[in-house]
Amino acid sequence: HSVGSTSLEDVQCEDLNVRASTGGVKLTSTIANDHMDIKTTTGDVIFNDSDAASLKIETDTGDVRGNFLSPKVVFFDSDTGHGTFPKETTGGVCDIKTDTGNANLTW
């Protein structure tokens, strides 16, 4: 969608694709058995007890934060933001790209 926030709670699916121009994405107890692909322009992406086998997250100015249910190997790419998350060598892949946003994740 274009304007406004997207919020999902207690959702289980195979794949999840979310696109938002202006507004954040909040996922609570949302599980994708395979892949999550989330893209925003100006909103934060927030995970609360959510998970996927692999994730791709893109945001221009938003932050990515929250907690997953299982370990992730995080690849973080940002022009000016910084990332705070456990360093893992096993687990699902979490690929995060931002222009100015930060990432703060736990599991």
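**Note on the strand pairing and nonpolar core**

1. Met36 stands opposite Leu55 in β3. Strands here are DSSP runs of E, at least two residues long, numbered from the N terminus. The model is predicted: local features need pLDDT of at least 70, side-chain atom pairs count only at pLDDT 80 or more, and totals for chains, interfaces and linings use all residues. Residues are numbered from 1 along each chain as its sequence is written, and side-chain values use heavy atoms, with hydrogens and water left out.

2. β3 has several parallel partners. It is joined to β2 by 12 bridges, to β4 by 4 and to β7 by 5. Two strands count as paired if DSSP finds at least two bridges between them. Phe47 has Gly66 of β4 as its bridge partner. Glu58 is bridged to Lys97 in β7.

3. The largest nonpolar core has 22 residues; Met36 and Phe47 touch the most other members. Such a core is a set of buried Ala, Val, Leu, Ile, Met, Phe, Trp, Tyr and Cys residues joined through side-chain atoms within 4.5 Å. Two or more residues each come from β1 (6-20), β2 (25-40), β3 (45-59), β4 (64-68), β7 (92-98) and β8 (103-106).

4. Phe47 is in contact (heavy atoms within 4.5 Å) with Met36, Leu55, Gly66 and Leu105, among others, leaving aside neighbours within four places in sequence.

5. Thr28 lies in β2. Its relative accessible area is 19%, so Thr28 is buried (under 20%; exposed is over 50%, partly exposed in between; 1.4 Å probe, protein chains only). Beyond four places in sequence, Thr28 touches Leu8, Glu9, Asp10, Asn48 and Ser50.
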